[in-house]
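Below are some notes on the charged pairs and on one strand pairing. Please read them alongside the sequence and the structure.

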Amino acid sequence: MGEEVDAQEFTGADRTRHREKVRRCLDVFERMLREAAFDTDDPMTGLEVELNLVDEVGDPALRNSEALEVISDPDFQTELGQFNVEINVPPATLREGGLEGFEAGLRRSLNEAERRSAEIGAHLVMIGILPTLADGHLSIDAISHNPRYRLLSDQVLRARGEDITIDIGGPEVLRTTADSILPEAACTSTQFHVQTPPERFAAYWNASQAIAGVQVALAANSPYLLGKQLWRETRVPLFEQSTDTRSEELRAQGVRPRVWFGERWITSVFDLFEENVRYFPALLPVTDEEDPLVVLEAGGTPNLSELRLHNGTIYRWNRPVYDIAGGRPHLRVENRALAAGPTVVDVVANAAFYFGLVRSLAESERPLWSQMSFSAAEENFHTAARDGIEAEIYWPGVGRVRATELVLRRLLPLAREGLAAWGVADDAIQRYLGIIEGRCLNATNGAEWFVRRMAAREDADRYDAIRAVLAEYRERMHANEPVHTW
């Protein structure tokens, strides 16, 4: 989302030319899927974490430009809000100590970044929604300086034709409006990437969709927004609402939302890109000079820039990615369902569970999605976001079951098999999946811990209590002990 795009106005001719170019890219992509040599020799995995910046008392620090300057690390990038940054961890193969490398590299980078950014009064926090955010932090004045973000916000509001409504009910209720997409900046996530050959992409994407609810139940970490206790993973409804380009009338007509779980199992990665082009008008109709067909027929690898930019403005919880590395194209599933945090080791445990489970299910002789309706997977996802680790979900052959019981009895063994198939060492499997097991046995994840600590301070002023619990959270985050042991 942080790709540089110059500030500009778009004419009707720009949009027409861009639509034609996107469709040309789609045609070339379809041909590449039949003919091109995608990079599938040694599949890589990757990890990104979005972070919040806070001041000494835990309130948002709107200083990401200064923080990035002092951090001075190309792995750190800007994000939508001035209180956000993102770290992209170098990709790795799991069979070569990838999980341990992710943990060591992420800890090293975050510790150094914290040391440097603390010098300007900005501290890093990994949490799905920064609970000390107030209304003023979600105004257009808090947007990052990259022109792309303001342009994207303007285009969303123009497409919508009215202010954005945020309406989330849980133990408490939040109703508010916004004149920009800044509420989206409150949603900080962890993203996992898994590279797949074209012929296996559909299986990995379908498997990722099927387990998204389980993932969220185990790792929910966003229980508070603007001082209100809402869903255990409030990121989900907030993200869905804060980038919604539809008016009430368009929703009533069944127009698809840009933050989208999807509506069907797929048979090819082409299905997803084709849906993107068919259902969604461009928000950023920027067109470059490359003719992708000419490049392909000359033996090169086309960038497909318009198709990729368009894909980046449609926020599927599991997003298809076309990218180029070393001159060769490749495909990835980008798993975007989880919040950031609470600790580095928790993040890597979530990665281990995802990478292991998705491989087992994707390579299964009888696909899970042949036994489960797509609507059941979507319902699981939203139920888990609302209820967190206490969620009951549907699973084929079991019926409705507590997510933690399902994980302990059925899914952890599958995740172990999948990690072994990736070539992960036994001690790493035991360590990281042991953390997932501990969460299930203790019924504790980041959201549950935060709510319990807030309950112990229920007589205090709400924001004073939130700041105090966040300070305790930050201390434990730096200790890197998994959340179920807090």
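1. Arg95 and Asp42 form a salt bridge, with 2.4 Å between the closest N and O atoms. Arg95 sits in the loop between strand 3 (84-92) and helix 3 (98-117), and Asp42 in the loop between helix 1 (12-35) and strand 1 (45-54), so this pair ties together parts that are 53 residues apart in sequence. The model is a predicted one, and the distances and areas in these notes should be read with that in mind.

2. How accessible are the two partners? Arg95 is partly exposed, at a relative accessible area of 43%. Asp42 is also partly exposed, and its relative accessible area is 31%.

3. Glu96 is exposed, with a relative accessible area of 56%, which is over the 50% cut-off.

4. Another pair lies within a helix. Arg467 and Asp464 form a salt bridge, their closest N and O atoms being 3.5 Å apart. Both residues belong to helix 16 (residues 462-479) and are 3 residues apart, about one turn of the helix. Arg467 is partly exposed at 26% relative accessibility, and Asp464 is partly exposed at 46%.

5. Glu112, Arg115, Arg116 and Glu119 are joined in a network of salt bridges. Over the whole structure, the search finds 39 salt bridges. In general, side chains of opposite charge can pair when their charged atoms come close.

6. Which side chains of strand 5 (residues 164-169) are buried? Ile164, Ile166 and Ile168 point to one face and are buried.

7. Strand 5 pairs with strand 6 (residues 173-178). The two strands run antiparallel and are joined by 6 bridges. A hairpin of 3 residues connects strand 5 to strand 6.

Key: Residues numbered from 1 in each chain as written. Predicted model: local features only at pLDDT ≥ 70, side-chain atom pairs only at ≥ 80, totals over all residues. Heavy atoms only, no water. Salt bridge = Lys/Arg side-chain N within 4 Å of Asp/Glu carboxyl O. Helix = DSSP H or I, 4+ residues; strand = E, 2+ residues; numbered from the N terminus. Buried < 20%, exposed > 50% of the residue type's maximum accessible area, 1.4 Å probe, protein only. Pairing = 2+ DSSP bridges.
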